Amino acid sequence: MAISERLSGNEAVSFAIKQINPDVVAAFPITPSTEIPQFISQYIANGEMTTVYVPVESEHSSMSACVGAQAAGARSMTATSSCGLAYMFEMLYIAASNRLPITMACVNRALSGPININNDHSDSMGARDAGWIQIYAENAQEAYDNFIQCVRIGEHKDVHLPVMACQDGFITSHAVERMELIETDKVKAFVGEYNPEKYLLNPDEILAVGTYDTPQYYMEHKKAQTEAMKNARQVIKDIAKEFETISGRKYDMIEEYRMEDAEYAMVIIGSSAGTAKEAIDELRTAGVKAGLIKVRVFRPFPLEEIAAALKGVKAVAIMDKTDSFSAAGGPLGAEVKAAIYGKVDGLVAANYIYGLGGRDVRVEHIKLVFDEIAELVKSGKQPETYKYLAIRE
Amino acid sequence: MKDNLMKNITPDNKWQDLTPGGFIYASGNSAEFKTGDWRTATPKFIEEKCKQCLLCVPVCPDCSIPVVDGKRLDFDFDHCKGCGICAKVCPFDAIEFVKDGE
Ligand code: SF4
Ligand code: SF4
């Protein structure tokens with residue numbers, strides 16, 4: 001029997017880490033992810049976990065400690081947010097290129113400045129090309145479920161990549177929700193032991209990690225890395241299926257909500273998907289054929305799933321909770337447009353930047369977006385390249 | 001993911017044949033990395049002038065002056081990077097230093 005609980009996203013992820021009981025956790029506190037290392041430290045102090053906690057002096061060091069520990073053969077985890085993730089930037093690439101399946105709880109928060117501690121996706125989106133798998137949660141339940149699956153995905157022999165399990169700061173990390181936990185023995189059986197083929201602490205084999213590549217080899221290693229990221233697509237689906245057998249909950253690369261006959265669609269990531277579903281229900285009652293595509297997995301990018309889901313749609317609003325400052329829109333906007341290029345004809349695609357630095361996104365904002373894209377279809381006008389949602393001007 | 005013990009990875013290997021992350025499954029193999037092709041100038045050993053004082057041996061940054069039974073041999077051109085330090089050090093003009101192409 002599943003355990004019915006009421007937990008915040010941070011509590012849920014900390015509980016998942018306690019159930020998994022990894023070999024090493026190295027983390028440095030930063031709002032809003034601070035509670036995760038705090039709870040883990042308490043669990044360890046209470047004797048509820050046997051994990052080695054490395055109290056580092058910075059995030060550059062926490063990721064370095066994870067890299068060293070994982071290469072040594074230890075299942076390693078960390079948690080961070082915002083500037084902490086930015087401070088790890090160099091080591092994120094080291095983790096990915098050395099093919100070390102570290103699992104990170106990323107609690108999304110705006111990057112400074114102006115200094116802001118609230119939610120948007122500028123931190124993890126800034127690290128989107130670091131070679132990490134990125135999976136985003138809509139709520140605490142998904143944060144918990146995703147985290148458990150992330151361990152298996154990264155460690156899979158066809159993947160061997162680090163994974164970021166992202167959730168929205170405060171909105172998900174601090175709001176207490178009713179949710180279901182899985183029994184610890186089932187979680188342990190699901191994630192299993194970490195048994196890497198090659199690891200530094202193996203006394204029977206010689207191994208050097210973190211080597212130098214001359215130009216004759218670097219591209220071949222990058223090719224291997226990109227193939228691993230492609231392999232992750234199938235692995236993510238397979239592990240979701242297996243997870244369903246212990247949880248009863250379905251997961252995939254994307255989640256489609258009322259898309260069957262949708263004429264107007266929204267593509268969104270994270271907690272705002274919940275708000276969008278509510279808005280879509282109201283629009284449907286009013287006779288508008290609205291639907292939602294929630295991007296659960298951003299890396300690897302679900303381009304085929306998104307293109308297939310948008311077939312037959314008249315207009316789509318692509319919602320970015322970050323600005324890439326390309327002066328051409330946000331990262332999700334660019335990648336969704338690339339995904340539909342040559343695959344979906346005559347689709348009006350509008351890109352919105354929304355919810356920066358914790359700006360509230362309410363049902364009426366989502367309905368406003370649907371009004372605007374419907375108006376574009378009616379008038380035959382092309383949308384602006386991108387625009388800020390509900391900005392004062 | 002390849003798990004074979006690759007002794008000599010060469011630029012002919014396909015990406016599928018390289019170890020994940022460039023891991024090296026062996027030790028003491030840096031001698032297999034031929035650095036000699038970086039050379040743009042070459043030291044020339046003039047044996048008849050050499051007094052076997054061995055002053056040149058320890059200054060070579062690449063251990064490219066082999067010594068056997070207390071006597072230096074000709075250069076190891078697989079690894080000599082052509083820095084010219086040995087030629088500067090030799091008190092007996094037993095090493096000529098020639099820029100490639102001259
Ligand atoms: S320094 Fe000159 S003389 Fe002395 S061993 Fe070397 S080459 Fe011979
Ligand atoms: S030229 Fe430089 S690298 Fe070559 S043998 Fe002399 S000292 Fe060594």
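Mentor: Buried means under 20% relative accessible area, exposed means over 50%, and partly exposed lies in between (1.4 Å probe, protein chains only). This is a predicted model: local features need pLDDT of at least 70, side-chain atom pairs count only at pLDDT 80 or more, and totals for chains, interfaces and linings use all residues; side-chain values use heavy atoms, without hydrogens or water. Residues are numbered from 1 along each chain as its sequence is written, while chains are lettered from A and ligands numbered from 1 in the order in which they are written.

Trainee: Is A:Val336 buried or exposed, and at what relative accessible area?

Mentor: A:Val336 is found in helix H12 of chain A. Helices (H or I, at least four residues) and strands (E, at least two) are DSSP runs, numbered from the N terminus. A:Val336 is buried, and its relative accessible area is 0%.

Trainee: Which residues does A:Val336 touch, not counting residues up to four places away in sequence?

Mentor: Contact means heavy atoms within 4.5 Å. By that rule, A:Val336 touches A:Val267, A:Phe301, A:Ile306, A:Leu310 and A:Ile318.

Trainee: Which are the edge strands of the open sheet of six strands in chain A?

Mentor: Two strands pair if DSSP finds at least two bridges between them. The strand order is S9-S11-S10-S13-S14-S15 (chain A), with mixed pairing. Each edge strand pairs on one side only, and the two are S9 (254–257) and S15 (387–388) of chain A.

Trainee: Which residue in S14(A) stands opposite A:Ile318? And what angle does the direction of helix H12 of chain A make with that of S13(A)?

Mentor: S13 (residues 315–320) and S14 (residues 348–353) of chain A run parallel, joined by six bridges. A:Ile318 faces A:Asn351. H12 (residues 331–340) of chain A packs on this sheet, touching S10, S11, S13 and S14 of chain A. Axes are lines fitted to C-alpha atoms, for helices over the stretch in contact, and angles run from 0 to 180 degrees between N-to-C directions; for H12 and S13(A) the angle is about 145°.

Trainee: Why is H3(A) described as largely enclosed, and how many of its residues are buried?

Mentor: H3 (residues 59–72) of chain A reaches 19 Å from its first C-alpha to its last, close to the 20 Å expected. The expected span is 1.5 Å times one less than the number of residues. Strands S2, S4 and S5 and helices H4 and H5 of chain A are among what covers its buried residues. H3(A) is largely enclosed by the rest of the structure because the buried count is 10 of 14.

Trainee: By class, which residues make the contact of H7(A) with H8(A)?

Mentor: H7 (residues 140–155) and H8 (residues 184–191) of chain A pack at about 35°, with axes 9 Å apart. A:Tyr144, A:Ile148, A:Gln149, A:Val151 and A:Arg152 meet A:Val187, A:Phe190 and A:Val191. Ala, Val, Leu, Ile, Met, Phe, Trp, Tyr, Cys and Pro count as nonpolar, Asp, Glu, Lys and Arg as charged, and the others, Gly among them, as polar. The contact has six nonpolar, one polar and one charged.

Trainee: Where does A:Pro32 lie, and what is omega for the bond from A:Thr31?

Mentor: A:Pro32 lies in the loop between S2 and H2 (35–45) of chain A. The peptide bond from A:Thr31 to A:Pro32 is cis, with omega near 0°.

Trainee: Is B:Asp69 buried or exposed, and at what relative accessibility?

Mentor: B:Asp69 is found in the loop between S2 and S3 (71–72) of chain B. Phi is positive there, near 50°. B:Asp69 counts as exposed, at 77%.
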